[in-house]
Structures are given as C-alpha cells and as structure tokens.
Amino acid sequence: LDPDSALSSEETPREKKKKKQKRLGGRQSDHASSLSLRALVLLFALSVHSLFEGMALGLQDDSRLVLQILYALLVHKSALAFSLGSSLALSGMKTIG
C-alpha cells in the first residue's frame, strides 16, 4: 500500500510534501554518508596508487624512460583528479575553513 493514499483529503499539498520529506529524511542522509564514505575510500585508493606510481618512476635508470613515464603519469593523473573531484562534489562533503 502507498502511504500517501492513506492521507486525508483535508491535507494541503504542502503538508503532504512535508510528510514525504520527513519519511525520506533518513534514507537521504544514509545516501549522503554512503557517498562520503565512497569518496574517502577512493581518496585512499588513489593515494596508494600514487605511491606505487612514484616508486615505478623513481626506480628508472634511463632519463629518456623517466620522461616518458612522467608524461604518461601526468596524463593519467589528470583523469584521476577529475574522477576524484567529481566524486567529492557529488558526495556533498563540506569544505574545511
């Protein structure tokens, strides 16, 4: 049964909307906290990923190969930065400061 169908005919549309928002409030906050957790997990995973990329770059002996890997990393990091930024923006996390 739809909970809205049990509402009395005397309720105004504004009251119906308030009741619906109150009913969905818990689910919306759960969704927001889930997005925040996902953003933090993504941040941690990308940090570990960057550590290994830096080690791969630092262990190279040939300077020409270092420049090639550096260029590839710059292109790669731009895509990762966009991904992380989008994830953080969608999560609705508050900024510090």
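When I speak of one residue touching another this morning, I mean that heavy atoms of the two lie within 4.5 Å. With that in hand, and bearing in mind that what we are looking at is a predicted model, let me start at Leu35, which sits in helix H1 and which, once residues up to four places away in sequence are set aside, touches Leu90 and Ser91.

Let me step back to the overall layout. The secondary structure consists of 2 helices and 0 strands, with H1 covering residues 13–58 and H2 covering residues 63–91. For H2 we can check the length against expectation: its 29 residues, at 1.5 Å a residue, should span 42 Å, and the C-alpha atoms at its ends are 41 Å apart, so the two values agree. Just after H2, Gly92 adopts a positive phi of about 75°.

How much of the protein is buried? Of its 97 residues, 10% count as buried, and in H2 the buried residues are Leu73, Leu80, Leu84, Ser87 and Ser91. Two of these names come up again in the contacts I am describing: Ser91 is touched by Leu35, and Ser87 has its C-alpha atom 8.0 Å from that of Arg38, a residue 49 positions away along the chain. Arg38 itself belongs to helix H1 and is exposed, with a relative accessible area of 56%. As for the contacts across the protein, if we take those with a separation of 6 or more, residues 24 or more positions apart account for 61% of them.

Now to the charged side chains. In general, side chains of opposite charge can pair when their charged atoms come close. How many salt bridges does a search of the whole structure find? The search finds 1, and it is formed by Lys77 with Glu53, whose closest N and O atoms are 2.6 Å apart. Because Lys77 lies in helix H2 and Glu53 in helix H1, the pair ties together parts that are 24 residues apart in sequence.

Are the two partners buried or exposed? Lys77 is partly exposed, because its relative accessibility is 29%, which falls between the 20% and 50% limits, whereas Glu53, at 12%, counts as buried.

Finally, the surface. The protein exposes about 8200 Å², of which carbon and sulfur atoms supply 65%. One feature I would point to is a nonpolar surface patch made up of Phe44, Val48, Leu51, Phe52, Met55 and Leu59, whose accessible area together is about 660 Å². Leu51, one member of that patch, lies in helix H1 and counts as exposed because its relative accessibility is 52%.

To close, I would keep two things in view: the salt bridge between Lys77 and Glu53, and the nonpolar patch that includes Leu51.

Definitions and conventions: Residues numbered from 1 in each chain as written. Predicted model: local features only at pLDDT ≥ 70, side-chain atom pairs only at ≥ 80, totals over all residues. Heavy atoms only, no water. Salt bridge = Lys/Arg side-chain N within 4 Å of Asp/Glu carboxyl O. Helix = DSSP H or I, 4+ residues; strand = E, 2+ residues; numbered from the N terminus. Buried < 20%, exposed > 50% of the residue type's maximum accessible area, 1.4 Å probe, protein only. Patch = residues over 30% accessible without salt bridge, like charges linked within 9 Å, V, L, I, M, F, W, Y side chains within 5 Å. Areas by Shrake-Rupley, 256 points an atom, 1.4 Å probe, with all protein chains shown as cover. Expected span 1.5 Å × (residues − 1).
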